[in-house]
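The report below turns to side-chain pairings and to the surroundings of selected residues. Please read it alongside the sequence and the structure.

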Amino acid sequence: MFDPEGLQPEKSLGVLLKMEEAKQAFGDAGILEFEDIFVDHLGTNLRNEVAHGLMSDEQMFGGDVLYACWLLLKLCVLSSNWTAERFVRTMAT
C-alpha cells in the first residue's frame, strides 16, 4: 500500500508475520517457526544476528543457519510444486 505521498512504507518481518495473509499462507505452526528462527529475541533471531554482523564464521555454518536454509529451500520447493500442480489442473480443465 502506498501513502498519500506515493511512498510505500517499510514493514519489518515481524509485522509481516502478524498479517492475516501470512497466517493463511504458513499456518500457525509456520508463523511460530519463522518467528523463532528469524525474529524472536528469545529464539535464534538469525535475521538480526546476520544483518548486524554479529555471527562468527563458524556460527554461519551452525545448525540454526542450516535449518533456516533447509526451511527456506523447502518453502521454495513446495511453492514450485504447488504452482506446477495448479498449472496441471488448469490445463486439464
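Asp28 counts as exposed because its relative accessibility is 52%, where exposed means over 50% relative accessible area, buried under 20% and partly exposed in between, with a 1.4 Å probe and protein chains only. The model is a predicted one, in which local features need pLDDT of at least 70 and side-chain atom pairs count only at pLDDT 80 or more, while totals for chains, interfaces and linings use all residues. Residues are numbered from 1 along each chain as its sequence is written, and side-chain values use heavy atoms, with hydrogens and water left out.

The side chain of Asp28 meets that of Lys23 in a salt bridge, at 3.7 Å from N to O; the term stands for a side-chain nitrogen of Lys or Arg within 4 Å of a carboxyl oxygen of Asp or Glu. By this rule the count comes to 2 salt bridges. Another pairing joins the side chains of Glu35 and Lys18, with 3.5 Å from N to O. This pair links distant parts of the chain, for Glu35 belongs to helix α2 (residues 20-39) and Lys18 to the loop between α1 (13-17) and α2, the two being 17 residues apart. Helices here are DSSP runs (H or I, at least four residues), numbered from the N terminus.

The accessibility of three of these partners is listed below.

| Residue | Relative accessibility | Class |
|---|---|---|
| Lys23 | Lys23: 40% | partly exposed |
| Glu35 | Glu35: 21% | partly exposed |
| Lys18 | Lys18: 66% | exposed |

Aromatic rings form a further topic. Rings of Phe, Tyr and Trp (its six-membered ring) pair if their centres lie within 6.5 Å, and planes under 30 degrees apart count as stacked, over 60 as edge-to-face and the rest as tilted. By this rule the count comes to 3 aromatic pairs. One of them consists of Phe26 and Phe34, whose ring centres are 5.0 Å apart and whose planes stand at 65°, so the pair is edge-to-face. Phe34 is buried, since its relative accessible area is 10%, whereas Phe26, at 36% relative accessibility, counts as partly exposed. Ring pairs link Phe26, Phe34 and Phe38 into a cluster.

Asn48 itself is found in helix α3 (residues 46-51), and Asn48 counts as buried because its relative accessibility is 17%.
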